[in-house]
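Let's take a walk through a protein together, step by step. Have the sequence and the 3D view ready, and keep turning the view as you read.

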Amino acid sequence: MNILITGANGQLGNEMRILSAQHPKHTYLFSDVFVPENSPVTVHPLDITDEAAVCGFVGEHCVDLIVNCAAYTNVDKAEQDEPVALKINADAVANLARSGARLIHISTDYVFSGDEHLPCREQDPVAPRTAYGRTKYAGEQALLAIQPDAIIFRTAWLYSEYGNNFMKTMIRLGQTKPEIGVVYDQIGTPTYALDLAQAIFAAIEADEWKAGIYHYTNEGVCSWYDFTLAIHEVYNMLHKDQINCRVKPILSEEYQYLTPRPHYSVLNKAKVKQTFGIQIPHWRDSLIACMQNIQ
Ligand SMILES: NC(=O)c1ccc[n+]([C@@H]2O[C@H](COP(=O)([O-])OP(=O)(O)OC[C@H]3O[C@@H](n4cnc5c(N)ncnc54)[C@H](OP(=O)(O)O)[C@@H]3O)[C@@H](O)[C@H]2O)c1
């Protein structure tokens, strides 16, 4: 198969690139809206909001499957910038869906309200509370209207050795501040993007195409506070220059969030495990693996 990975410069896009080397029977094309000068691989410039460019690219390279890792992911900025977020997170997904290639698309826990206290299942009612969540849900709907047999992975709390993310921010703050406050009333599951990429490859390599929406995060649950403690602990285990920062648990209302955050965004992963026969690592083990990979 000829597989196009969009958003190749992002967290998940980079992990898909790393894993593609372990699946050499396919031919891969990588694309992103901008191409950095020092890119380690050929990344084609492709703005997915440009329908003609998407169709031209897919036709020219005979793309069979698109794994759409491209997105507008800045949750706070999306509140002021919803039309642009909608263009990238929904209209562009329709462009990809109409291009003639099959789609594996990535969505988010932000399609849910976050008010529940049980892990969300794929069929649970959505109620996005943010512009980002609304645009991502619109993307799911746009895709399924054109390709009802598409595959969608909803994930949450993504981090990776690539790009900017919470793990890297907490390392930086831990190295530079004597004390930080981190919220303990938002519960979810950190997800190593490399593990999500493994699950995506399980879907690609399955004996048959298994259409549907799937929830994927690492196993376990924690608050952002617990995650921060673990980040500092693992960092100190692996490095000589120790982080010596007091982490204080605070409430969401004490933190000046620009955008409301879900209080409970744990996803139920029974369907993805059963359908693809995969085991999912616990978030703590994956955090250690990611930090070792950074080293
Ligand atoms: N990060 C999370 O915590 C999280 C949580 C739940 C779900 N997700 C979903 O998981 C997926 C992967 O997220 P990620 O964290 O890997 O995202 P990311 O690191 O922000 O990467 C997204 C990539 O898409 C590119 N992009 C933006 N607009 C584009 C356009 N018009 N055409 C082509 N490429 C464009 C971005 O380029 P620029 O950087 O130059 O804009 C970036 O390289 C996304 O669908 C996201 O919504 C993420």
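What radius of gyration would a compact globule with 295 residues have, and what does the protein have? A compact globule would come out near 19 Å, and the protein has 19 Å, so the two agree. (This radius is taken over C-alpha atoms, and the globule rule is 2.2 Å times the number of residues to the power 0.38.) Along its principal axes, the C-alpha trace spans about 55 × 40 × 40 Å.

Before going on, please note that this is a predicted model, where local features need pLDDT of at least 70, side-chain atom pairs count only at pLDDT 80 or more, and totals for chains, interfaces and linings use all residues. Residues are numbered from 1 along each chain as its sequence is written.

The protein has 10 helices and 13 strands; these are DSSP runs numbered from the N terminus, with at least four residues (H or I) for a helix and at least two (E) for a strand. Buried residues make up 45% of the 295 residues. Here, buried means that 20 or more other C-beta atoms lie within 10 Å of the residue's own, exposed means 12 or fewer, and partly exposed is in between, with C-beta atoms placed from the backbone.

Now look for the open sheet of 7 strands, which has the order 3-2-1-4-5-6-11 and parallel pairing. (Two strands pair if DSSP finds at least two bridges between them.) Strand 3 (43-45) and strand 11 (212-215) are at the edges, each with a single partner strand, so one side of each has no neighbour in the sheet. Within the sheet, strand 1 (residues 2-6) and strand 4 (residues 65-68) run parallel and are joined by 4 bridges. Ile3 stands opposite Leu65 in strand 4.

Next comes the ligand. It is surrounded by 27 residues, and the closest are Gly7, Gly10, Gln11, Ala70 and Ala71; a residue counts as near if its C-beta atom, placed from the backbone, lies within 6 Å. Helix 1 (11-20), helix 4 (82-97) and strand 5 (102-108) each supply at least two residues of this shell.

Finally, two backbone details. Most residues other than glycine have a negative phi. Cys62, in the loop between helix 2 (51-60) and strand 4, has a positive phi of about 50°. Trp157, in the loop between strand 6 (151-155) and strand 7 (158-159), has a positive phi near 50°. Which of these counts as buried, and which as exposed? Cys62 counts as exposed because it has 12 C-beta neighbours inside 10 Å, whereas Trp157, with 24, counts as buried.
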